[in-house]
Amino acid sequence: MSDIPKPDLLHPMLIGMLVHLQKGIFHFMKPHERLDKYNAIPLSMLAYHALTQNNTSSEEVTESNGKEMKEMRRNLLGVVTQSLRSGSPTQRPIFNHPNECTWALFEFCMYV
């Protein structure tokens with residue numbers, strides 16, 4: 001009985017949540033006119049240590065299970081945070097929501 005392969009249920013859940021979070025971030029950034037900044041930040045990041053330089057913006061990530069998604073996941077919180085910097089005092093509480101959602105997903109990943 002113990003030789004039966006067990007499906008890894010957490011990995012598909014993580015990929016699904018990342019795709020869902022990414023779509024939510026796009027829908028949030030668009031009306032706040034931050035989508036261009038959100039897409040430009042990964043392209044401007046230089047390669048450092050284990051991070052490679054991105055050739056695609058966050059919006060152009062097509063492989064939900066490949067290298068592009070892995071790279072996007074590595075710098076997602078920093079990109080979201082930098083895209084939402086310098087908002088007006090009335091925007092700051094609203095801009096905290098995507099940061100909190102991204103951080104919560106990464107906490108889930110750490111617990112898993």
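Predicted model: local features only at pLDDT ≥ 70, side-chain atom pairs only at ≥ 80, totals over all residues.
1. An axis, as the word is used here, is a line fitted to the C-alpha atoms of a helix over the stretch in contact, and the angle between two axes is taken between their N-to-C directions, from 0 to 180 degrees. On the side of helix 1, the contact is made by Met 13, Leu 14, Met 17, Leu 18, Leu 21, Ile 25 and Phe 28. Helix 4 contributes Ile 94, Phe 95, Pro 98, Cys 101, Thr 102, Leu 105, Phe 108 and Cys 109. By class, this contact of helix 1 with helix 4 holds 14 nonpolar residues, one polar residue and no charged residue.

2. The chain has a mean pLDDT of 78, with 75% of its residues reaching 70 or more. Where in the chain is confidence lowest, and where is it highest? The lowest value belongs to helix 3 (residues 67-83), with a mean of 79, and the highest to helix 4, at 85.

3. The overall architecture is helical. The secondary structure of the chain comes to four helices and zero strands, and the pattern read along the sequence is α-α-α-α. Of the 112 residues in the chain, 32% are buried. Among contacts between residues at least 6 apart in sequence, 61% join residues at least 24 apart.

4. At 1.5 Å a residue, the 20 residues of helix 4 should span 28 Å, and the C-alpha atoms at its ends are 29 Å apart, which agrees. The buried residues of helix 4 are Phe 95, Pro 98, Asn 99, Thr 102, Leu 105 and Phe 106. Among them, Phe 95, Pro 98, Thr 102 and Leu 105 also belong to the contact with helix 1.

5. A second pairing involves helix 1 and helix 2 (residues 35-44). Their axes come within 8 Å and cross at roughly 130°. Ile 25, Phe 26 and Met 29 in helix 1 meet Leu 35, Tyr 38 and Asn 39 in helix 2. The contact of helix 1 with helix 2 comprises five nonpolar residues, one polar residue and no charged residue. Ile 25 takes part in this contact and in the contact of helix 1 with helix 4.

6. The loop between helix 1 and helix 2 contains Glu 33. Glu 33 is not a glycine, yet its phi is positive, at about 55°. Is Glu 33 buried or exposed? Its relative accessible area is 71%, and because the cut-off for exposed is over 50%, Glu 33 is exposed.

7. Pro 42 lies in helix 2 and, at 2% relative accessibility, counts as buried. Pro 42 and Leu 76 are 34 residues apart in sequence, while their C-alpha atoms are 8.9 Å apart in space. Lys 37 is also found in helix 2, but at 35% relative accessibility Lys 37 counts as partly exposed. From Lys 37 to Ser 83 the separation is 46 residues in sequence and 5.7 Å in space, C-alpha to C-alpha. Apart from neighbours within four places in sequence, Lys 37 is in contact with Gln 82, Ser 83, Arg 85 and Ser 86.

8. Met 72 is placed in helix 3 and counts as buried, at 5% relative accessibility. The C-alpha atoms of Met 72 and Leu 18 are separated by 9.5 Å, although the two residues are 54 apart along the chain. Leu 18 is one of the residues by which helix 1 contacts helix 4. Arg 74, likewise in helix 3, counts as partly exposed, at 40% relative accessibility. Between Arg 74 and Phe 106, 32 residues apart along the chain, the C-alpha separation is 10.0 Å. Phe 106 is one of the buried residues of helix 4.

Technical notes: Residues numbered from 1 in each chain as written. Heavy atoms only, no water. Contact = heavy atoms within 4.5 Å. Helix = DSSP H or I, 4+ residues; strand = E, 2+ residues; numbered from the N terminus. Nonpolar A, V, L, I, M, F, W, Y, C, P; charged D, E, K, R; others polar. pLDDT = per-residue confidence, 0-100. Expected span 1.5 Å × (residues − 1). Buried < 20%, exposed > 50% of the residue type's maximum accessible area, 1.4 Å probe, protein only.
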